[in-house]
Amino acid sequence: MKNTIATLLVAVSTIAVAANANAENSFKPYVGVDYNYDNGNENNFNSGTVNVGTQFNDYFGTEVFYQRSDNDVKTYSGLRQETRYFNAYGLDLNGYLPMGCEQEFALIGSVGVGEYEFNTGYNLAGIFNGRDHGY
C-alpha cells in the first residue's frame, strides 16, 4: 500500500508540473497543522495532523498528511484496562473552483486515499498484558 501511494503521488505530481508549465506564478506550497477530536464509538481520541500540500495552478493541487492520536484509556470494573491509539497517512487530490470578481475565494473538492493503523493494548488485573493492532 505504501508503494502504491508513493507511485500515485509521483504520477500526480508529474502530471501537475506538466500542466503547470503554462501557468504564471500559481505554484503555491503550504504546510498545515490541525487538531482533531473524535468521540465516536465510545472512543475519545485527541489527535494532531500535519499536512503538506501544493496548489499547482488555479484549479489543481495535491496534499499528503500524517495523523497521530493520543492514548485513549478505558477501565472496566477496575480489573481490565484497554489502551488505544492510531496512526494514519494519506494523499488527497484537490480541485479548486475560483469564485468572486477578484477570484480570492474558491470552492474546494477533494478525493483521497489513506491508511489508518489502530493499536489496542490490554491489561487484565495487572497479570496479563496483551497487544493487538490492525489496519
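Tutor: The turns below take the terms one by one.

Tutor: This is a predicted model, in which local features need pLDDT of at least 70, side-chain atom pairs count only at pLDDT 80 or more, and totals for chains, interfaces and linings use all residues. Residues are numbered from 1 along each chain as its sequence is written, and side-chain values use heavy atoms, with hydrogens and water left out.

Student: Why is V33 called exposed?

Tutor: Exposed means over 50% relative accessible area, buried under 20%, and partly exposed in between, with a 1.4 Å probe and protein chains only. V33 has a relative accessible area of 69%, so V33 is exposed. The residue sits in strand β1.

Student: Why is L91 called buried?

Tutor: L91 has a relative accessible area of 2%, so L91 is buried. L91 belongs to strand β5, residues 80-99. Its C-alpha atom is separated by 8.6 Å from that of V111, 20 residues apart along the chain. Of the 135 residues of the chain, 30% count as buried.

Student: What makes the nonpolar surface patch?

Tutor: Patch residues have over 30% relative accessible area and no salt bridge; like charges are joined within 9 Å, and nonpolar side chains (Val, Leu, Ile, Met, Phe, Trp, Tyr) within 5 Å. A salt bridge is a side-chain nitrogen of Lys or Arg within 4 Å of a carboxyl oxygen of Asp or Glu. V31, V33, V50 and V52 make the patch of about 380 Å², the area coming from the Shrake-Rupley method with a 1.4 Å probe, where for residues only the protein chains shown count as cover. β1 (28-38) and β2 (45-55) each supply at least two of the patch residues.

Student: How many helices and strands are there, and how are they defined?

Tutor: The chain has one helix and seven strands. Helices (H or I, at least four residues) and strands (E, at least two) are DSSP runs, numbered from the N terminus.

Student: What makes β4 and β5 a pair?

Tutor: Two strands pair if DSSP finds at least two bridges between them. Strand β4 (residues 72-76) and β5 have five bridges, in the antiparallel sense. Y76 stands opposite R80 in β5. Three residues lie between the strands of this hairpin, where S77 takes a positive phi near 55°.
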